[in-house]
Amino acid sequence: MSEVSIGLVGLAAVLLLFLTGIELGFAMALVGFVGFSTIVSWKAGLNLLAKDVFDVLSSYGFTVIPLFILMGQIAFNAGIARRMYAAAYAFVGHIPGGLAMATVAGATAFKAICGSSPATAATFASIAVPEMDHYGYDKKLSTGIVATVGTLGILMPPSVTLIVFGIITEQSIGKLFLAGLIPGLIVAFLFVCIIYGWCRINPALGPRGRPSSWKTRLASLPEVLWVLVIFALVIGGLMEGFFTPTEAGSVGTFAVLVLSILKGDLNFRGYVKSVAESLRTACMVLMLIAGSVVLGHFLAVTKIPMITADWVVSLPYNRYAVMVMISVIYLLGGSFIDDLAFMVLATPIFFPVIEKLGFSPLWFGMIIALTVMIGVVIPPVAINVFVVKNITKVPFGTIYRGVYPFLLSIFFCGVLLFLFPAICTFLPERLMP
């Protein structure tokens, strides 16, 4: 059997193992070890497995992942999102669909210190949906926007997805954060536009809330200001070179922790809960990376990534058509496997293709982030919808009917990135040349 054939059998084995229920990180490590050992030698395979897993789990550079996850979990358990929502509601809650718009604004601000999409969905499912129920909002609008707005955490800094992408492709995490900022704000703005248009067409979907006084509005601004200060500290420090990504994660986490303690929002039990949840998520992500590294070395000796890159480049199609096909593969793969896991699995294969086609790695990262955003809210593996359903007890069908209109925003942003790549490359090129 040729090396390429062994590689194809290995990829099929990874998917089959995943369907049995085994975690994808372990499946990739097992297949990578067995495949590499088959082609090279069992002694080399054992050395590879030990070295790759040890290197990932002991790497200082990878500490950026648990730090940013911990920052988000502390913010989540300290109730910072609740105050972001209250501030947004004070300004826009009195217009049709205003509570849904406040959810978008509050979640966008919350994303400045939380890179977890499910955490954002869970937070606003607990805060925003009961408020919208109180004012007679249609369930499909309230649950649909809560499930979808959580996806902003995939595109906007400090996104765990972009951190993992940067580690896999050896790209600057700071530049990826900057690249995601404008597209993320565009998607958030488009969410608001859809809410406004939908409620204009059918006012019963989102009745007006109570108008807030200017005194209440101004009193809510300091809560937003503190979040913006922490965001500016983390991202500004990265841009100016004051911090490495790991140091930025440490500074941001410490700042959120101190703010939460000084305001009396986080007790010891909440801190322990934040650490435990962060460790659980970080271990899952690190094992995915370790497994992908082992599998990547196996695929390297089979030469499948290089052969795939040469074959795709030779296709008689426009390079943008090829990019659309790759995006569809990510979208379909992420529909059946956890989107982050599929990104870790597929990126080492397709990234050489992107480089040969001459695309910007930052632009490719944003396109992949948009496909992951769609994947977390469409069946069958729609983690955000599952989170919202478990908290609100609203049927899946109702939530999905509310989700689909907002997918237009993500799709439209993708079209804009295809037409105007500078949307995501402008800030990194100007601020971190």
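**First stop: a covered arginine**

Select Arg217, which counts as buried because its relative accessibility is 9%, where buried means under 20% relative accessible area, exposed means over 50% and partly exposed lies in between, calculated with a 1.4 Å probe on protein chains only. Before going further, please note that this is a predicted model, in which local features need pLDDT of at least 70 and side-chain atom pairs count only at pLDDT 80 or more, while totals for chains, interfaces and linings use all residues. Residues are numbered from 1 along each chain as its sequence is written, and side-chain values use heavy atoms, with hydrogens and water left out.

Arg217 is placed in helix α12; helices here are DSSP runs of H or I with at least four residues, strands are runs of E with at least two, and both are numbered from the N terminus. Show the side chain of Arg217 and follow it to the backbone oxygen of Ala90, which it reaches at 2.8 Å. With neighbours within four places in sequence left aside, Arg217 is in contact (heavy atoms within 4.5 Å) with Ala90, Phe91, His94 and Ser212.

Now select Arg210, found in the loop between α11 (173–201) and α12 (214–240). Is Arg210 buried or exposed? Arg210 counts as exposed, because its relative accessibility is 53%. Leaving aside neighbours within four places in sequence, the contacts of Arg210 are Tyr89, His94 and Tyr135.

Move to Glu170, in the loop between α10 (160–169) and α11, where phi is positive at about 60° although the residue is not a glycine. Glu170 counts as exposed because its relative accessibility is 71%. Then select Lys393, in the loop between α19 (383–392) and α20, which is not a glycine either and has a positive phi of about 65°. Lys393 is exposed, with a relative accessible area of 64%.

Select helix α8 (residues 139–149) together with helix α20 (residues 396–419), which pack at an angle of about 60° with their axes 7 Å apart; the axes are lines fitted to C-alpha atoms, for helices over the stretch in contact, and angles run from 0 to 180 degrees between N-to-C directions. To look at the contact itself, show Lys139, Lys140, Leu141, Thr143, Gly144, Ile145, Ala147 and Thr148 of α8, and Thr398, Ile399, Arg401, Gly402, Val403 and Phe406 of α20. These contact residues divide into six nonpolar, five polar and three charged.

**Last stop: α18 and the residue Val376**

Val376 is found in the loop between α18 and α19, and counts as buried because its relative accessibility is 7%.

Finally, select helix α18 (residues 361–375), whose 15 residues should span 21 Å at 1.5 Å a residue, which agrees with the 21 Å between its end C-alpha atoms; the expected span is 1.5 Å times one less than the number of residues. Helix α18 is mostly covered, with 14 of its 15 residues buried. At the start of α18, a side-chain oxygen of Ser360 reaches to within 3.2 Å of the backbone nitrogen of Leu362.

Note on methods:
Ala, Val, Leu, Ile, Met, Phe, Trp, Tyr, Cys and Pro count as nonpolar, Asp, Glu, Lys and Arg as charged, and the others, Gly among them, as polar. A polar contact is a pair of N or O atoms within 3.5 Å; within protein, one must be able to donate a hydrogen and the other to accept it, and residues adjacent in sequence count only if both atoms are side-chain atoms.
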